[in-house]
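This briefing goes through one protein model, topic by topic. Keep the sequence and the structure in view while reading.

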Amino acid sequence: MILVTGASGNIGGELVKRLTDAKVRFRAGYHSKDKADAAKRAGVEAVLIDFTRPATLRPGLEEVQSLFLISGNHPSQTELEINVVHEAKKAGVRHLVKTSVWGAEGAAFSFARIHRPVEKEIEASGIAYTFLRPNGFMQNFVNFLAGTIRAQGAFYLPARQARVSHIDVRDIAGVAARVLVESGHEGKAYDLSGPEALTYDQIAEKLSAVLDRKIVYVDLPDAEFKKSMIGAGAPPAYADAMIDLVHYYIAGQASRVTPAVRQITGKDPIAFDQFAREFARAFR
């Protein structure tokens with residue numbers, strides 16, 4: 001039995017689809033009762049879990065051999081994920097697959113410093129593990145930037161001429177599905193990238209070609225970007241973490257292209273051109 005946490009998220013939702021299609025027995029964990037109930041109506045074995053209340057994890061972990069661990073951004077994310085690791089050990093989980101972050105091992109920026117302590121806790125737990133360390137998500141262009149692309153034909157970041165090998169979350173889910181059902185991935189950490197490293201100007205050009213109208217990337221000073229994020233409702237600490245991440249990009253730390261997606265899934269990772277075509281409606 002596999003337990004998928006974060007089953008309604010970008011990656012978790014795609015993983016649920018893949019495990020369902022593969023007819024693999026799994027259980028999906030949701031933080032929302034409405035989402036858990038909807039999943040049950042769709043035929044998914046769903047449970048309600050709350051990382052802030054470890055006792056809620058125990059029914060979901062019954063008979064589970066493999067656990068997929070992912071959580072959303074939270075001020076106490078590190079501690080909450082460590083709660084899950086402790087419960088997994090108590091429940092006898094044999095393999096823990098954690099979605100981490102690109103560069104986690106170096107802990108050189110804010111998000112990496114959130115994830116690396118969890119990785120260390122897993123390493124010390126005695127549970128066999130696999131770490132998935134994806135680069136920035138292509139879907140973030142839909143989730144966070146589509147509004148101004150639709151309304152203004154522009155998106156705004158303080159990224160200068162940074163090159164990033166963004167990855168489609170569907171490829172991350174594809175890797176996770178294979179790692180959860182195959183042996184041989186224990187004790188490994190996989191850096192997951194898309195097939196090319198692009199500047200944001202190049203991404204704007206690709207969006208322009210797909211949407212048949214001019215889309216531009218506007219480079220913002222850090223202070224303006226932070227002000228816009230806070231104005232949109234983001235906590236100041238999260239805005240600072242995003243700027244820290246972008247500085248990591250500017251330093252050239254996210255431009256590497258890795259072969260892991262193809263090595264694990266047997267398929268080439270999705271290119272940004274394909275992503276843009278398939279999600280064009282979100283930008284129109």
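Which residues does Phe137 touch, not counting residues up to four places away in sequence? They are Ile11, His166, Ile167, Val169 and Ile172. The model is predicted.

**Phe137**

- Phe137 lies in a loop, with strand E6 (128-134) on one side of that loop in the chain and helix H6 (140-152) on the other.
- Phe137 and Ser193 are 56 residues apart along the chain, and their C-alpha atoms are separated by 9.1 Å.

**The sheet**

- Strands of a sheet pair through backbone hydrogen bonds, and the pairing is either parallel or antiparallel.
- Here, seven strands form an open sheet with parallel pairing, in the order E3-E2-E1-E4-E5-E6-E8.
- Strand E3 (46-48) and strand E8 (188-192) are the edge strands, and each of them pairs on one side only.
- From one strand to the next, the twist averages 20 degrees.
- Strand E4 (residues 66-69) and strand E5 (residues 95-99) run parallel and are joined by four bridges.
- Within this pair of strands, Phe68 stands opposite Val97 in E5.

**Helices on the sheet**

- Helix H1 (residues 10-21) packs on the sheet and touches strand E1 (2-4), strand E2 (26-30), E4 and E5. The direction of H1 makes about 150 degrees with that of E1.
- Helix H2 (residues 33-41) also packs on the sheet, where it touches E2 and E3. The direction of H2 makes about 165 degrees with that of E3.

**Helices H5 and H10**

- Two packed helices are described by the distance between their axes and the angle between them.
- The axes of helix H5 (residues 110-125) and helix H10 (residues 236-250) come within 7 Å and cross at roughly 100 degrees.
- H5 and H10 are therefore roughly perpendicular to each other, since angles of 65 to 115 degrees count as such.
- On the H5 side, the residues in contact are Ser110, Phe111 and Arg113, which meet Tyr238, Ala241, Met242, Asp244 and Leu245 in H10.
- By class, this contact has five nonpolar, one polar and two charged residues.

**The cavity**

- How many cavities of 30 Å³ or more are there? The count comes to one.
- The largest cavity holds about 30 Å³ of space.
- Its lining is made up of Met138, Val164, His166, Glu196, Leu198 and Phe272.
- By class, four residues of this lining are nonpolar, one is polar and one is charged.

Definitions and conventions: Residues numbered from 1 in each chain as written. Predicted model: local features only at pLDDT ≥ 70, side-chain atom pairs only at ≥ 80, totals over all residues. Heavy atoms only, no water. Axes fitted to C-alpha atoms, helices over the stretch in contact; angles between N-to-C directions. Helix = DSSP H or I, 4+ residues; strand = E, 2+ residues; numbered from the N terminus. Parallel < 35°, antiparallel > 145°, perpendicular 65-115°, else oblique. Contact = heavy atoms within 4.5 Å. Nonpolar A, V, L, I, M, F, W, Y, C, P; charged D, E, K, R; others polar. Pairing = 2+ DSSP bridges. 1 Å grid on protein atoms, 1.4 Å probe; cavity = no way out; pocket = protein on both sides within 12 Å on 5 of 7 lines; lining within 4 Å. Points joined across faces, edges and corners; volume = space filled by probe spheres on them.
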